[in-house]
Amino acid sequence: MKRTLLYLIVVFCIGSGNSQIKGHVFDLNNKPLQDIVVLNKQTNEHTHSDANGYFKCLKNNPGDTLQFSFLGYKSVVHWIVESDFKINLKIQMEESSLLLDQVNITEPLHYNLQKIDMILQPVQNSQEMLRLVPGLFIAQHAGGGKAEQLFLRGFDIDHGTDIGITVDHLIPVNMVSHAHGQGYADLHFVIPESVRSIDFEKGSYNASKGNFATAGSVDFQLKERIANNSVIFETGKFQSHRLVGLIKLLENEKSNAYIASEYVSTDGYFEAPQDFKKFNTLLKYNFQLNENSKIKLTGSYFTSSWNASGQIPVRAVESGFIGRFGAIDPNEGGETNRFNFMAQYLLSTKSHQALKLSAYFSNYNFELYSNFTFFHNDSVNGDQIKQKEQRNIYGFEANYTDHLGNIEFNTALGSRIDETKDSELSHTKDRFQVLNRLALGDLNEHNLYLYLKLNWLFNKLEFQVQGRADLFKVSYSDKLLNPNSKSIDWDFKISPKLNVYYNLNNSMQLFVKSGLGFHSNDTRLLRESQEKGILTRSFNVDLGTQIKLGNSALLHGALWLIKMEDELVYVGDEAVVESSGETVRKGIEAGIRWQPISWFSLNFETSCTIAKSADEPETLNYIPLASKWTTMGSLNFKNIRNFSASLRYRQLGDRPANEDYSITAKGYQLLDGNINYKYKNINFGFVVENIFNTKWNEAQFATLSRLKTETESTEEIHFTPGTPIHYRFKIQIDF
């Protein structure tokens with residue numbers, strides 16, 4: 001009788017869908033696979049494998065089917081039998097070509113789709129990889145070594161003020177209180193071939209993303225190991241050359257290591273040679289201490305130098321004073337270098353329970369020479385400026401993940417300290433002569449943060465409740481006024497977030513996301529007052545859907561809104577403080593990915609944005625350089641008799657260049673393409689940028705300037721011309 005009762009209880013538990021299935025997922029080399037989507041096709045509930053390949057499904061019945069899927073691997077289907085509840089399943093997955101059929105609608109599409117784009121759309125540098133983010137546009141306006149200007153969701157992000165950029169989830173790219181501008185994000189220290197994936201999010205809905213993540217965030221995840229050794233050589237117009245090597249140093253059951261190096265040189269397409277030179281190197285090392293723990297070490301070094309032709313006024317070109325690719329001040333340019341080191345310890349004792357301890361250090365040096373107004377301020381020597389800094393960054397984070405029933409939680413405590421010495425803005429002549437120091441001082445910024453993320457699956461609903469707390473302490477020593485005095489301030493912000501996903505079925509997901517975010521203001525605001533405010537708050541809302549049509553098409557769309565508090569901006573080019581006022585940005589964006597057959601796919605993304613100041617009258621409330629219409633798309637062909645090719649299109653519409661829209665920054669439409677052929681272990685490539693040789697302006701600003709021959713200053717568009725038709729050849733040998 002007791003046995004019968006026990007049997008009935010077991011059957012009831014299994015039948016009620018409360019039985020757990022556990023196991024782990026491996027590749028064909030018995031290496032654990034992370035982030036594999038495990039979907040119960042009957043209940044539509046899903047989970048994913050952790051860093052050690054372990055997974056745990058809470059509610060299952062005999063006869064249900066579990067689907068294991070991930071982009072780049074053949075999907076595996078497992079039919080549940082009663083004995084599965086007593087053992088740990090072992091699922092082995094085989095790599096395959098990238099197909100939209102492998103994408104699961106219950107997972108964020110941005111992660112998977114960027115993996116497709118990375119393979120089909122080759123880039124020259126990691127800064128260009130930001131173009132893979134739908135709706136994000138970049139513009140270079142002072143030579144190849146300077147961080148690009150960024151535009152997203154109606155923000156002129158400058159060089160990073162409103163987008164948080166990291167490498168390997170933690171190493172910061174954005175620089176607080178940078179000599180050139182707040183949030184300056186120079187990504188050139190990353191080698192494109194070392195990037196495993198790009199994870200991006202628009203808005204401020206992830207508590208693990210803190211400072212600067214208002215319009216969005218981007219994380220570049222580096223490869224843990226490489227499949228084979230590679231040597232890559234590229235050459236093209238304008239004396240452009242690039243050499244890359246990725247070499248295995250170690251590969252065994254316990255450990256692996258590789259080194260990647262890159263050298264780039266080019267004269268650029270301007271009349272004055274750019275003489276751009278860059279060297280990168282990266283070392284990755286992983287050591288398995290035991291079955292449950294491992295150590296990861298990452299080190300990198302980067303250096304570059306360049307000359308620049310800068311931004312030129314329209315009137316100088318139209319009058320014939322200079323050519324379209326000429327320069328007013330040929331002495332612009334700069335140099336920079338950066339060293340990074342990160343150590344991580346990972347401990348995982350059971351499925352989805354993990355502790356990760358990380359610490360990092362960066363040493364950074366920067367020197368830039370620019371001239372935006374020419375002879376507006378100094379009619380004799382010109383208005384050239386020097387911006388220079390030396391910086392050390394120290395950081396750590398302790399991150400813990402676990403399950404409480406069917407609630408997954410993740411919490412972290414971390415800190416970042418920035419120390420700069422002699423952050424400088426000076427009026428110079430011909431780079432070498434300092435005429436006047438406008439700002440000089442030492443900065444210290446300390447950010448202590450704590451966040452908690454709760455993820456609860458309830459039938460077809462998924463709730464993400466998150467919160468983040470940030471404490472900032474900043475200080476500035478002004479060496480021009482009193483080198484012994486120090487201005488100090490504190491600020492504290494709590495940023496709650498709530499995201500709700502409704503998985504209607506295996507093919508459609510609805511979501512609403514909301515959250516508070518922030519970005520820090522420049523510490524040099526303390527020069528004028530300690531009541532300026534260190535942190536500027538943002539409020540974000542997204543309402544959207546993701547739809548999978550059959551196995552060949554993916555659609556997504558969203559309505560969004562971002563409100564920003566009044567922010568006081570320290571202008572690094574002039575050492576003055578400006579108020580931008582409260583702003584409201586709202587828009588709609590949509591996209592489609594279609595892959596009707598394995599060797600052909602297309603994608604199309606579009607967005608429309610309205611960006612206005614909330615404090616100004618209707619005719620004076622335009623936000624300068626806020627994009628209204630953007631579109632981008634591509635046609636991709638792969639593995640057709642060893643040939644692959646893609647055509648890529650991007651369009652940025654006209655934008656206001658000033659508050660009353662009396663000056664227009666003209667839009668552009670560009671078409672790029674590439675074709676590749678693989679013969680055994682050798683890949684040949686040919687890339688063409690700006691196929692139709694379109695005349696376009698890459699960066700544009702409404703600037704008040706005066707030429708040496710003029711008696712009065714004029715405000716008009718100043719621009720950096722975009723690249724004319726440009727081609728390059730590429731050969732890659734794998735061994």
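Accessible areas here come from the Shrake-Rupley method with a 1.4 Å probe, and for residues only the protein chains shown count as cover. On that basis the chain exposes about 30700 Å², of which carbon and sulfur atoms supply 57%. This is a predicted model, in which local features need pLDDT of at least 70, side-chain atom pairs count only at pLDDT 80 or more, and totals for chains, interfaces and linings use all residues. Residues are numbered from 1 along each chain as its sequence is written, and side-chain values use heavy atoms, with hydrogens and water left out.

**Confidence**
- The mean pLDDT (the predictor's confidence in each residue, from 0 to 100) is 89 for the chain, and 93% of its residues reach 70 or more.
- Over residues 1-17 pLDDT stays under 50, and the model has 13 contacts beyond four places in sequence for them; a contact means heavy atoms within 4.5 Å.
- Where pLDDT is low, the predicted coordinates should not be read in detail.

**Overall build**
- You will find three helices and 45 strands in the chain; these are DSSP runs (helices H or I, at least four residues; strands E, at least two), numbered from the N terminus.
- The radius of gyration is 27 Å, close to the 27 Å that the globule rule gives for 735 residues, so the chain is as compact as a globular protein of that length. The radius is taken over C-alpha atoms, and the rule is 2.2 Å times the number of residues to the power 0.38.
- Along the principal axes, the C-alpha atoms fill a box of roughly 105 × 60 × 50 Å.
- Buried residues make up 56% of the 735 in the chain (buried is under 20% relative accessible area, exposed over 50%, partly exposed in between, with a 1.4 Å probe and protein chains only).
- Of the contacts between residues at least 6 apart in sequence, 63% join residues at least 24 apart.

**Two loop residues with positive phi**
- Most residues other than glycine have a negative phi.
- D168, although not a glycine, has a positive phi of about 55°; it lies in the loop between β11 (163-167) and β12 (171-172) and counts as buried at 8% relative accessibility.
- N690 is not a glycine either, yet has a positive phi of about 55°; its loop runs between β42 (682-689) and β43 (697-705), and at 2% relative accessibility N690 counts as buried.

**A look at I610**
- Strand β36 (residues 600-613) holds I610, which is partly exposed with a relative accessible area of 41%.
- Leaving aside residues up to four places away in sequence, I610 touches V584, R585 and K586.
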